Amino acid sequence: MFPLFQKSSHIPTATLTAGSLATGDRLVNTVTGTITDAGTKVNTLTEVKVMHGEGDAAVDVTENYQITKENGELKVTPVEIVLTADSAEKVYDGTALTKDTYKITKGAFVGEEGLESVTVSGSQTTVGSSANTITGHTLKENTKAQNYDISYAAGKLTVTKASVE
C-alpha cells in the first residue's frame with residue numbers, strides 16, 4: 001500500500017509470492033496500474049518473464065516455470081491534515097479578545113495545493129476562558145478535496161483579572 005497521497009503516479013512491480021527462482025534467474029514484468037489521487041485502482045499484471053543473466057546475454061527461461069499471475073491493488077490514502085485555531089490570553093480591559101489565526105499542526109499539503117482561507121471564530125470579553133474554533137475552510141482551486149482528510153482542533157481564549165492599584 002502506498003501510504004500517503006503524493007502528486008506523482010505510483011507504478012509498482014510484481015514480486016514472487018511462492019516458490020523460488022534458480023540462481024541467476026530474475027523476474028521481468030509489466031503492470032498497467034497507476035494511481036495519482038487518493039482512491040483504489042486495479043494493478044493489472046500483463047506480462048511476466050523469467051530471464052537468466054544480464055544485459056544482451058540474458059536468455060528467456062520462462063518456459064521452465066509454472067507462473068500464475070495475480071492482479072494487485074493500488075491504494076493511495078488521503079493525507080491527514082489538522083488545523084488548530086490559535087490560542088491567546090490578555091488581561092481584562094473591557095474589550096473582546098479574538099484571535100483569527102490558525103496553524104497546520106499535522107500533515108502538509110502537496111506542492112502548490114493548500115488552503116485559500118480558514119474561518120476562525122471565538123471571543124472572550126470577561127474574565128474566564130472559551131474555545132477559539134475553526135468553523136470552516138476553503139481549498140485553493142487546484143486542490144482536490146478527496147486527497148485530504150481535514151479536521152479541526154480548538155484553541156483557547158483566556159482573559160485574566162486586571163490589577164487595581
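Me: Which residue forms a salt bridge with Lys 103?

Reply: This is a predicted model, in which local features need pLDDT of at least 70 and side-chain atom pairs count only at pLDDT 80 or more, while totals for chains, interfaces and linings use all residues. Residues are numbered from 1 along each chain as its sequence is written, and side-chain values use heavy atoms, with hydrogens and water left out. A salt bridge here is a side-chain nitrogen of Lys or Arg within 4 Å of a carboxyl oxygen of Asp or Glu. With its closest N and O atoms 3.1 Å apart, the partner of Lys 103 is Asp 86.

Me: Is Asp 86 buried or exposed?

Reply: The pair links distant parts of the chain, 17 residues apart, with Lys 103 in strand β8 and Asp 86 in the loop between β6 and β7; strands (E, at least two residues) and helices (H or I, at least four) are DSSP runs, numbered from the N terminus. Buried means under 20% relative accessible area, exposed over 50%, and partly exposed in between, with a 1.4 Å probe and protein chains only. Lys 103 is partly exposed at 49%, whereas Asp 86, at a relative accessible area of 11%, is buried.

Me: How many residues apart in sequence are the parts that Arg 26 and Glu 54 tie together?

Reply: The side chains of Arg 26 and Glu 54 meet in a salt bridge at 3.3 Å, N to O. Arg 26 lies in strand β1 (residues 25-31) and Glu 54 in the loop between β3 (45-52) and β4 (59-60), so the separation of the parts they tie together, in residues, is 28.

Me: What is the relative accessible area of Lys 90?

Reply: Lys 90 meets Asp 93 in a salt bridge of 2.8 Å, N to O. Asp 93 counts as partly exposed at 47% relative accessibility, but Lys 90 is buried, with a value of 19%.
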